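Colleague: Before I use any of these terms, I would like to hear what stands behind them. Please take them one at a time.

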Amino acid sequence: MSGLEDLYREIILDHYRNPRNRGELPSPPAVRAEGFNPLCGDEVVVTFEVDGDGGCISDVKVAGQGCSISQSSASMMSAAVKGRSTDEARALVKAFKALMTIHESRLGGDGEGDGSGTDTPVPDPDVALGDLEALQGVVRFPVRIKCATLSWNALTNALDEVEAKAS
Ligand code: ZN
């Protein structure tokens, strides 16, 4: 199992050192949302542009600073939603939150297992999380869950704004 954990650590560090889609898009026209995690001091700024009819996220940038978990999660998030429809982006948010929540509920469980994750439930088989699965180890450190979900909450706020504008 340590092999898998090493792989996950590598993926997280890779996104931290080489963040994808780094920067900020001019807003407007881009939608902009900020997130701040006072527990850890993490900041993220999510900006993205949505194409007209299709509601496709044509470009996305992430800025900010903070711990490796918050920044690598933001980088993975940007890579995962770029080119997706806003509906697909929401499905990803849901799947990622499920990944965090399922583990969160397991933390208070009966203490079985060693946390190696061999029986990890899959939140939604229809949504491929890819690199994001590397973050599932975070749930063993509940205080870091907010780091991991920070950029996703900002994305959700921005998606809400897009829909409010569209309606
Ligand atoms: Zn953090």
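Modeller: Two residues are in contact if their C-beta atoms, placed from the backbone, lie within 7 Å. Under that rule alanine 158 touches Val31, Arg32, Ala33, Val46 and Phe48, with residues up to four places away in sequence not counted. This is a predicted model, where local features need pLDDT of at least 70 and side-chain atom pairs count only at pLDDT 80 or more, while totals for chains, interfaces and linings use all residues. Residues are numbered from 1 along each chain as its sequence is written.

Colleague: What makes β1 and β2 a pair?

Modeller: Two strands pair if DSSP finds at least two bridges between them. β1 and β2 (residues 42-50) have seven bridges in the antiparallel sense, so they qualify. Glutamate 34, for instance, has valine 45 in β2 as its bridge partner. Strands themselves are DSSP runs (E, at least two residues), as are helices (H or I, at least four), numbered from the N terminus.

Colleague: Why are β1 and β3 called edge strands?

Modeller: The open sheet has three strands in the order β1-β2-β3, with antiparallel pairing. β1 (31-37) and β3 (57-65) each have a single partner strand, so one side of each is left without a neighbour in the sheet.

Colleague: How do you know that α2 passes α4 in a right-handed crossing?

Modeller: A crossing is right-handed if the near helix is turned clockwise from the far one by less than a right angle, and left-handed if anticlockwise. The axes of α2 and α4 cross at roughly 35° and come within 8 Å; these axes are lines fitted to C-alpha atoms over the stretch in contact, with angles from 0 to 180 degrees between N-to-C directions. The crossing of α2 and α4 is right-handed. Among the residues that meet there are Met77 and Val81 in α2, and Trp152 and Leu155 in α4.

Colleague: What makes a set of residues a nonpolar core?

Modeller: The members are buried Ala, Val, Leu, Ile, Met, Phe, Trp, Tyr and Cys residues, joined through C-beta atoms within 7 Å. The largest such core has 37 residues, and Val46, Val81, Leu155 and Ala158 have the most contacts inside it. Its largest share, nine residues, comes from α4.

Definitions and conventions:
Buried ≥ 20, exposed ≤ 12 C-beta atoms within 10 Å, placed from the backbone.
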